Amino acid sequence: MKKSLGFFNNEEIFEYKIENKKGLAVTVLNLGGVITGIYTPNKDGKKENIVLAYNDLESYFESPSYYGGIIGRTSGRIHKGEITIGGKKYFLNKNYGVNSGHGGNIGFNKRIWKVKESKNSLELTLKSLNLEEGYPGEVDVKVVYELNDDNELLFKITGKGTEDTLLNITNHSYFNLSGDYKKDILDEKLKITSNKILKIDENGTPTGETYNVLNTPFDFNDFHKIGERINNKDKQLELGCGYDHTFMFNGENNITIKVEDSLSKSQPRGKQRYKNESFKCWYIQTTGIWKTIWIENVPKNYIISAQN
């Protein structure tokens with residue numbers, strides 16, 4: 001099911017909706033593949049949106065916060081916008097100060113995707129041209145949003161390139177499990193089985209150095225409220241304006257990322273689950289600015305089970 005929302009660069013913008021037998025619904029734009037809503041019932045059965053969304057279509061044209069968008073060709077920051085592939089240096093468009101971030105000036109979140117609808121899924125495709133934003137080679141990208149009757153939203157990515165290149169795609173939804181953004185996430189509880197993070201510099205770029213989190217504000221091996229230590233004195237917290245770091249797991253067979261909503265308590269919607277596909281690092285942003293949580297895998301390009 002789709003409805004027209006207006007036009008962007010002479011292209012018509014549609015919002016698509018998929019829904020499962022249990023009533024969970026997801027809405028997605030052909031602009032940027034943006035998830036505008038994940039509607040789950042609260043304890044009283046009322047459906048509420050558990051991701052942040054702009055109030056108007058025009059905000060998605062610039063989208064400085066990348067709400068809900070597909071990020072590519074790469075997610076995250078690339079130092080000085082410079083990469084070397086096959087001995088050749090490439091210079092990417094810089095849109096994050098001295099760095100290139102989230103695909104450059106016109107990343108995948110600002111592209112119009114072709115959308116193919118089916119009963120419980122949306123298949124989005126686009127072609128990224130050679131040297132688009134500075135990246136070598138053409139890439140045909142396919143993203144599938146699939147909603148099953150176990151209340152799992154699957155995000156599947158494939159890309160086929162004509163040359164060696166970089167491809168590290170994610171979805172940039174900000175989750176807030178209170179529903180319809182009734183409150184920020186600082187009282188939500190977070191658990192991550194991780195003893196190390198990657199340090200960042202003053203530009204938010206990972207330095208490659210690891211940081212032992214034990215007994216620091218980054219230690220979420222046991223449940224802690226996200227806001228409990230976010231204002232503690234810690235250089236990495238200061239550089240990230242909160243938690244804006246890559247967490248490294250404690251081995252492939254010991255992976256847990258779980259978020260619980262203090263309003264929901266035992267309510268099923270108050271947890272998110274991520275299936276282990278041999279990921280070794282995850283990036284998590286829970287900054288005091290947005291007061292929402294965003295989790296993505298690094299670097300493998302398949303996220304499964306954002307489960308309500």
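Five strands make up an open sheet in the order E1-E2-E3-E4-E5, and their pairing is antiparallel. Strands here are DSSP runs of E with at least two residues, numbered from the N terminus, and two strands pair if DSSP finds at least two bridges between them. At the edges lie strand E1 (2-8) and strand E5 (47-49), each of which pairs on one side only. On average, neighbouring strands of this sheet are turned by 20° against each other, direction ignored; the axes behind such angles are lines fitted to C-alpha atoms, and angles run from 0 to 180 degrees between N-to-C directions.

The model is predicted: local features need pLDDT of at least 70, side-chain atom pairs count only at pLDDT 80 or more, and totals for chains, interfaces and linings use all residues. Residues are numbered from 1 along each chain as its sequence is written, and side-chain values use heavy atoms, with hydrogens and water left out.

Within the sheet, strand E3 (residues 25-29) pairs with strand E4 (residues 35-41) in the antiparallel sense over four bridges. Alanine 25 stands opposite tyrosine 39 in E4.

Side chains of opposite charge can pair when their charged atoms come close. The structure holds ten salt bridges, a salt bridge being a side-chain nitrogen of Lys or Arg within 4 Å of a carboxyl oxygen of Asp or Glu. The table lists some of them.

| Glutamate 15 | Lysine 3 | 3.8 Å |

Glutamate 15 forms a salt bridge with lysine 3. Glutamate 15 lies in strand E2 (residues 11-19) and lysine 3 in strand E1, so the pair ties together parts that are twelve residues apart in sequence. Buried means under 20% relative accessible area, exposed over 50%, and partly exposed in between (1.4 Å probe, protein chains only). Glutamate 15 counts as buried at 16%, whereas lysine 3 is partly exposed at 48%.

Glutamate 132 is buried, with a relative accessible area of 17%.

Glutamate 146 is in strand E13 and lysine 156 in strand E14 (residues 152-161), so the pair ties together parts ten residues apart in sequence. Glutamate 146 is partly exposed at 22%, and lysine 156 is partly exposed at 27%. Salt bridges that share partners join Lys127, Glu138 and Asp140 into one network.
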